[in-house]
Structure formats: structure tokens, C-alpha cells
Amino acid sequence: SLVIDVNEKDAAMASDFYKSGNLRKSDCLIGFQPGASKPHKQWPLENFAKLASILKRKKGTKIAVFGTSSESSLTKNIRDMSGEEIIDVTGITTMQNLPAFIARCSILITNDTGTMHIAAATEVPVIEISLGPVNFLETGPYGNGHTVIQTTVECAPCSFNVSCKNAICKDTILPQEAAF
């Protein structure tokens, strides 16, 4: 498994950020990482939005969306589609302090991303939505306590060199399957 230590300065920064968003210590915070390095590795935003609503209704959770500043529209779209309050962490973190922000989460639901590996290294359980060319046996998440949801369509995982015109794998994983 991977290991990352969270330093006190970054932990204090993350704590202050979450407090400013009215997140209490007793609140269950679920992290979403809806972006990915390639679009064919991304679970549809509609599914993240539906999942946000399911988790809010079922568990009363709060949702934080992670990503780069160029992915801030993903948070807005999830918020608009779900009608739920979303804590927007996109563009707030750096590679140095991201582990502290992730460490506050009870779980991270993600595509195959670097954020997934940071969550695993900070011992935050991961639910990875494994799509397109992603073979979780090769890419992780590494360590114990993680869950991978991978489609069972015949063509998955496909090759990185394939240009898929009908990404049916994205439609076979339903939001309720990722609701724990």
C-alpha cells in the first residue's frame, strides 16, 4: 500500500477551509473526483449528481468535489443537476496539501485518478469507478478497504489506443451501485 503523511500546517488549512463551509466534525464528508486525465475514463456527471442525491437522502452526507481549477465546471454541473449543496474544493488544493483535504473524507468516490492514489495513501477508503481502458488490477487503488466497480461489458477494459464511439461501459454502472 501507499503512505502519505499529512503535515500539521496543511491539516490546519484544510480544517479552516471546511469550517468556513459550515462542515462540523460530526458531519460525514464524501469526496467526489469526477474528472480524469481522459474523457473516456470519466463516469458521467449525471451519475455523480444522482449519487450525491442518493447519499444525501440515505445518509445525510455532505459532498466535496475535488479537481483542478479547470475542472470547476464539474462541481457546478453536479450541483445544478443534483440540487444538492456541494463543497467546491476544485482549484483550492495543491499537490502538497491535497492529502490533508482528502483525509477529512470518510470515503472518496472517483475515476482512475491521482487523487484516488492520494486517498488510498492517506487511508481513506476509495470506491473507484473503473471505465474504458482502466484495468484496476494494474492501476489500483492499492491497499485494503477499497472497492472497485468495473463494468462487465465484453469490450472492457478496452485498449488505450481504441477510439470508442459507443462508450456503453459508462452506462452500465449505476449510481445506486456506488452508494454504500
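Trainee: Is Asp 27 buried or exposed?
Mentor: Asp 27 is buried, at a relative accessible area of 11%; buried means under 20% relative accessible area, exposed over 50%, and partly exposed in between, with a 1.4 Å probe and protein chains only. Please note that this is a predicted model, in which local features need pLDDT of at least 70 and side-chain atom pairs count only at pLDDT 80 or more, while totals for chains, interfaces and linings use all residues. Residues are numbered from 1 along each chain as its sequence is written, and side-chain values use heavy atoms, with hydrogens and water left out.

Trainee: Which residue forms a salt bridge with Asp 27?
Mentor: Lys 62 does, with 3.6 Å between the closest N and O atoms. A salt bridge here is a side-chain nitrogen of Lys or Arg within 4 Å of a carboxyl oxygen of Asp or Glu.

Trainee: Which parts does that pair tie together?
Mentor: Asp 27 is in the loop between α1 (8-20) and β1 (29-33), and Lys 62 is in strand β2 (residues 62-65), so the pair ties together parts that are 35 residues apart in sequence. Helices (H or I, at least four residues) and strands (E, at least two) are DSSP runs, numbered from the N terminus.

Trainee: How many salt bridges does the structure hold?
Mentor: It holds four. One of them joins Asp 112 and Lys 41, at 3.2 Å from N to O. Asp 112 lies in the loop between β4 (107-110) and α5 (114-121) and Lys 41 in the loop between β1 and α2, so this pair links parts 71 residues apart in sequence.

Trainee: Are those two buried or exposed?
Mentor: Asp 112 is buried, with a relative accessible area of 9%, and Lys 41 is buried at 7%.

Trainee: What about Asp 80 and Lys 76?
Mentor: They form a salt bridge, with the closest N and O atoms 2.6 Å apart. Both lie in helix α3 (residues 72-82), four residues apart, about one turn of the helix. Asp 80 is partly exposed at 48%, and Lys 76 is partly exposed at 46%.

Trainee: Which residues do shared partners join into one network?
Mentor: Arg 24, Asp 27 and Lys 62.
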